[in-house]
Structure formats: C-alpha cells, structure tokens
Amino acid sequence: MRYSKALIPTVKEVPAEAEIISHQLMLRAGLMRKLASGTYTYLPLGWRILTKVMNIVRDEMNSSGAQEILMPSVQPMELWAQTGRSVDYGKTMAHFTDRHGRENVLAPTAEEVVTSLAAGEINSYKQLPFNLYQISFKFRDEFRPRFGVLRSREFIMKDSYSFHADKESLGETYQQMYDAYCRIFARCGLEYVIVEAESGEMGGSGSHQFTVPCENGEDVIVYTAGNKYAANIEKADVDALPRAAENKDIAAMAEIHTPGAKTIEEVCKFLKAKPKKLIKTLIYKSDDKTIVALVSGDMEINEEKLRIIAGGSIEMANDDTIKKLTGADTGFAGPVGIAEKCDKLVIDHSVAAMAFGITGANKTDYHLAKVVPGRDFPLEGENVIVADIRNAVEGDTYQGKKLLFRRGIEVGQVFELGTKYSKKLGCKFLDADGKENPCLMGCYGIGINRIVASAIENGHDENGIIWPINIAPFEVIITPAGNDENIINASETIYKQLTDMGIEVLLDDRDIRGGVKFKDADLIGIPLRITIGKKSIAENCVEIKLRSSKDIEKVPVENAATKANEIIQSLKVK
C-alpha cells in the first residue's frame with residue numbers, strides 16, 4: 001500500500017473527548033472517528049487491525065471444531081421476555097416497535113436466538129454436542145459511553161454457544177474454549193490473566209474471565225501473592241471478620257434525631273462518626289420477594305453475591321416499597337424489627353462482626369445508636385443469612401492470604417450456562433432411552449474491539465502505538481527521506497521485494513519532510529521501519545529499526561528485504 005493513496009488522517013493534538021490512552025491514540029492514529037456518543041466509524045487502518053484480530057479468532061474457533069453462523073441483529077422482544085432477561089438488562093437494552101406493532105431488540109448478545117434456533121433443529125442425543133459461533137456487531141445502550149471502545153454502545157463480539165447431552169460433554173467443550181482463548185490472546189500479543197468470575201445476567205454455574213492487566217482497566221482483579229487465587233471483584237471471596245467479643249455493658253439503643261440526614265456521608269457528618277461505625281441497610285426486590293441486605297457503612301455491597309443468595313435477579317426497591325416495609329422515607333431504613341417483615345435478611349460478615357453500630361431507625365429523620373448485632377436484630381433464623389455480600393477491600397484476606405488488587409480490561413469470558421435458556425425456550429433432546437431432557441449449554445464471548453484497545457494500553461510510548469506483529473495494520477513501513485533518484489529507486493525495489501515475499505508493507509511515498517514521516521510512522525505503530533536517506537544510500541545501505549527499540553541497524557540495500565523478512569518472521573506468534 002502506498003501512503004499517498006491511503007486514508008490515514010493522523011492528528012497531532014490529543015482529542016479533548018478522549019479520556020484514556022487507547023482512545024486518544026485510536027483517534028490520533030486515524031484508526032476511527034466518532035459518529036455519535038459511543039459509536040465509531042472504523043477507517044481503513046483500524047479495520048485492517050480489527051480484521052486481523054477476527055481472523056485469528058476465526059482460525060482458532062474453526063480449529064476447535066466450532067461452526068460459524070450469522071444471526072440477526074434485530075431480535076423479537078418476546079424471546080427475551082421468555083427468559084426474563086428483558087428485565088435483567090433493563091434500559092441497557094435498546095428496543096423499538098416496528099410498523100406492525102411488534103417489539104424488537106437490537107442484539108446485545110444472542111443466547112435467546114441461538115437457543116431458539118437449536119430448539120427447532122435438535123431431536124436426538126446423536127446430534128450433540130455442537131458449537132456455533134458468530135462474529136458480529138452488538139448494541140447496548142450504555143448510560144455513559146466512555147473510554148472509547150472499552151465502553152461503547154456498538155461493538156464487535158465473537159459469541160459462541162455449545163449444546164450438550166451431559167455435564168461431561170459440556171466440561172470438555174468448556175476446556176476446549178478455555179484453551180482456544182489462551183491461544184487467541186497469545187497470538188494477539190496480549191499478556192493476560194485468567195480469573196474466576198460471576199456469570200451475571202448470563203446465568204449459569206461457572207465462569208472464567210480473561211483479563212489484560214492495565215492502569216486504565218474498568219475491571220478490578222483481586223488475587224493473592226503468586227496468583228494462587230485470582231478473581232474479578234464481583235466474584236472475589238473474603239474471609240469472615242472475627243466477631244466482636246460479647247460486651248454486656250453496652251447500653252441500650254438510643255434514638256437520635258437526624259433531620260434530612262439520609263446518606264452515609266450525611267449521617268457521618270451529622271453525628272461526627274466514621275462510615276465503618278454505620279450499618280448500611282439496602283432493600284431489594286427479587287420477583288415478588290423483599291430482600292434486606294446489611295453491610296458496613298464503609299463497604300460496597302456486591303450485588304452479584306447477593307443475587308446468588310436471592311436465587312434470582314434483584315433490583316433496588318422503589319421509595320413506595322421501602323416506606324411500606326419500614327414505615328419511613330428512603331434513607332432511614334434499619335435492621336431492628338425488619339426480619340419479621342421481609343422475606344430474607346442477608347447480613348454481611350462486616351456487620352455481624354461489629355460490637356455495635358449506628359443505623360436507621362425505620363422512622364423518618366431518626367437513627368439508632370448502640371445497635372448490637374445479635375441483641376437488637378437477629379444473626380440467625382429461618383429467613384436470616386450471614387454471608388459474604390460485599391466487595392473485597394484493601395486489608396482483606398482469603399484463606400488467610402492477603403488480597404492484592406490491580407485493574408484490568410476484560411477481553412473474554414467463558415460460561416457454563418447449564419439449562420437456564422434451554423428449559424425456558426424448549427431446547428430438548430431424546431436420550432438413548434427415549435427420555436426427553438433439556439440441553440446443557442455453554443457460552444463463550446470475546447470483545448474484538450477490546451483486544452485492540454488492550455494492545456494499545458499496554459503497547460505505546462510517548463510517540464504513539466507499538467503494535468504486536470500479528471495484529472499490526474502493516475508489518476513494515478518504508479520511509480524514503482528525500483527525493484534523490486537513488487533513494488526512490490531503492491525504496492521501490494525493497495517495496496516490491498517485500499511484497500513478493502508476502503510481507504504487508506506501507507510505502508510512505510508522500511512528498512513531505514522526513515521528520516513528519518517518522519512522526520507518523522511512530523504514531524501508527526508499524527513494527528518495523530526501513531529508512532532510506534542520503535547518508536545511508538551513499539553507503540549503499542538502509543537503516544532498519546524496530547518500533548519497540550531505539551537501536552538502528554544498517555543493512556546493505558540488496559540484503560534489506562531478506563533481513564526485514566527474517567525479523568518479521570521471528571516476531572510472529574504462531
């Protein structure tokens with residue numbers, strides 16, 4: 001490709017809208033342009049990179065025995081209603097009514113569609129197992145799109161779905177996908193960690209998340225030294241805190257007038273107390289049940305852990321539900337007397353371990369002090385559960401080992417779905433005895449755009465991007481520094497030789513200063529640069545430089561293509 005014929009609109013200035021380095025460099029290097037909030041047009045350079053990632057994914061998926069299909073981006077809402085996920089996704093799901101009055105969804109994922117497809121095709125156990133995948137655009141109506149392609153509304157995802165007759169078969173395919181993902185991310189040049197993860201809205205029993213550690217990642221990875229244990233923040237378990245010693249001398253509860261103090265911050269300021277001294281009471285609805293959750297005021301509740309205990313989807317209760325349950329306005333709920341009124345009282349270990357605390361009085365504008373867990377509200381009972389329902393924090397341990405924290409970008413996740421979708425959508429098979437059973441399912445996703453962003457986040461310097469060779473837009477860039485006939489002839493000769501070798505080359509044939517060419521070459525991050533200038537050509541040499549190194553090697557013109565090819569082949573991950 002000749003640079004003069006390519007659309008590569010590089011930008012010197014950092015775009016004001018771009019918050020993180022990958023977003024900045026994807027715009028500056030001319031990989032993409034913003035159309036609207038959270039949606040981007042991919043320009044030729046960006047699409048070349050995405051295509052390379054997709055080809056690696058496709059190659060490994062095909063090698064693992066998965067079969068590629070393509071499902072519609074517009075899905076009937078009735079499928080989502082059958083599984084209940086229309087509620088789980090809430091406003092994140094973009095939907096519209098067509099001219100016939102039918103409700104439709106812009107696909108955020110495709111479990112419902114693929115299960116409906118399989119339900120119409122599977123009859124016998126002899127057809128199982130099989131694994132279907134697609135690489136397609138998905139849409140989620142993010143409340144606040146940010147970080148470029150890390151939290152966009154429209155994105156490219158590889159999603160695959162396997163169908164099985166038994167757990168052993170599901171386990172085998174799960175491991176095949178797990179191994180395929182390891183190969184995919186290695187070939188894309190990513191350093192990643194694998195952590196235990198919650199299934200979230202996907203449902204199911206088991207999940208692993210593939211995460212690229214980096215400063216700007218939205219996910220938090222929790223691990224112990226030596227990576228003996230690693231999980232994302234939604235899954236990370238913590239050891240229970242030791243219970244406070246029984247103190248019979250603690251005075252009886254005292255009611256305090258706290259007008260207008262509803263939040264933890266407001267109560268702490270009003271009472272001159274620290275958040276860890278407060279008991280935070282949160283009220284949720286799970287179907288027709290009311291769940292009350294207690295955590296220490298300095299902790300964040302982990303809704304994924306609570307959802308598992310609730311046994312279904314959960315959502316924060318509205319003001320009317322809270323007032324009906326507690327008799328008070330929102331912000332003044334507390335655990336005293338609440339166990340008899342709710343379906344489940346779930347108490348985090350951080351609360352159970354308190355000697356006493358401050359909490360809402362279930363009376364508008366009032367709080368209670370000297371509230372003792374186990375004395376003033378129960379720690380056991382038919383509907384009372386003491387469990388880990390909070391996010392891990394600095395200082396926590398797991399199995400006695402100190403927990404450590406770092407940020408990362410989720411690039412892929414694998415799930416054991418079980419029968420969550422097959423039961424609801426009638427995906428069944430007849431076993432060897434003629435008995436009807438629901439199919440067991442697995443689900444496996446990869447964020448294509450996120451792979452690109454992750455590579456940039458961990459592969460850049462002050463001058464621009466440093467691409468891993470396997471996903472670079474071009475493998476070599478030739479930069480003639482001058483218009484001398486010998487320079488031009490050498491550039492054209494090396495360009496043809498490399499092209500004939502099957503190397504992807506960008507020849508910067510623009511009539512501009514060499515310094516500008518070097519700046520652009522560094523910005524777009526092509527792994528190997530061949531520079532031909534007056535000084536080097538006078539010695540019948542060219543300069544070869546890796547983007548990732550400051551070292552420059554002089555090579556005779558006649559050997560340049562062979563040397564460049566050797567370097568490129570040595571960099572590739574097979």
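Colleague: What are the ground rules here?
Modeller: The model is predicted, so local features need pLDDT of at least 70, side-chain atom pairs count only at pLDDT 80 or more, and totals for chains, interfaces and linings use all residues. Residues are numbered from 1 along each chain as its sequence is written, and side-chain values use heavy atoms, with hydrogens and water left out.

Colleague: What volume does the second largest pocket have?
Modeller: About 410 Å³. A pocket is an open set of points on a 1 Å grid over the protein atoms alone, with protein on both sides within 12 Å along at least five of seven lines. Grid points are joined across faces, edges and corners, and the volume is the space filled by probe spheres set on the points.

Colleague: Which residues are closest to its centre?
Modeller: K262, K280, T281, L282 and G331, out of 23 lining residues. Lining means having an atom within 4 Å of a point.

Colleague: Which elements supply at least two residues of that lining?
Modeller: α7 (264–271), β14 (279–286), α9 (319–326) and β18 (357–360). β14 gives the largest share, 5 residues. Helices (H or I, at least four residues) and strands (E, at least two) are DSSP runs, numbered from the N terminus.

Colleague: How do the lining residues divide by class?
Modeller: The second largest pocket has 12 nonpolar, 7 polar and 4 charged lining residues. Nonpolar covers Ala, Val, Leu, Ile, Met, Phe, Trp, Tyr, Cys and Pro; charged covers Asp, Glu, Lys and Arg; the others, Gly among them, are polar.

Colleague: Switching to cavities. How many are there of 30 Å³ or more?
Modeller: The count is 2. A cavity is a set of grid points where a 1.4 Å probe fits but cannot get out.

Colleague: What lines the largest cavity?
Modeller: I477, A521, D522, I526, P527, L528, R529, K545, L546 and R547. The largest cavity holds about 50 Å³ of space. α14 (514–524), β31 (528–533) and β32 (541–546) each give at least two of its lining residues. By class, that lining has 6 nonpolar, no polar and 4 charged residues.

Colleague: And what lines the second largest cavity?
Modeller: Y40, Y42, F137, E154, F155 and N449. The space there is about 30 Å³. β2 (39–42) and β8 (154–164) each supply at least two residues of the lining.

Colleague: Next, aromatics. How many aromatic pairs does the structure hold?
Modeller: It holds 10. One of them is F185 with F210, a tilted pair at 5.6 Å centre to centre and 45° between the planes. Rings of Phe, Tyr and Trp (its six-membered ring) pair if their centres lie within 6.5 Å; planes under 30 degrees apart are stacked, over 60 edge-to-face, the rest tilted.

Colleague: Where do F185 and F210 sit in the chain?
Modeller: F185 is in helix α6 (residues 167–187) and F210 in strand β10 (residues 206–213), 25 residues apart.

Colleague: Is F185 buried or exposed?
Modeller: F185 is buried, at 0% relative accessibility. F210 is buried too, at 0%. Buried means under 20% relative accessible area, exposed over 50%, and partly exposed in between (1.4 Å probe, protein chains only).

Colleague: Which residue lies over the face of F474?
Modeller: R48, at 4.0 Å from the ring centre. K363 lies over the face of Y366, at 4.3 Å. The rule is NZ of Lys or CZ of Arg within 6 Å of the ring centre and within 35 degrees of the ring normal.

Colleague: On to salt bridges. How many turn up?
Modeller: The whole structure has 33 salt bridges. Each needs a side-chain nitrogen of Lys or Arg within 4 Å of a carboxyl oxygen of Asp or Glu.

Colleague: What about E60 and R183?
Modeller: Their side chains meet in a salt bridge at 2.7 Å, N to O. E60 lies in helix α2 (residues 44–63) and R183 in helix α6, so the pair ties together parts 123 residues apart in sequence. E60 is buried at 8%, while R183 is partly exposed at 37%.

Colleague: Which residues are in their network?
Modeller: Salt bridges link D59, E60, R183 and R187.

Colleague: Where does D348 pair up?
Modeller: D348 bridges to R390, with the closest N and O atoms 3.4 Å apart. D348 is in strand β17 (residues 344–348) and R390 in the loop between β20 and β21, so parts 42 residues apart in sequence are tied together. D348 is buried at 1%, and R390 is buried at 1%.
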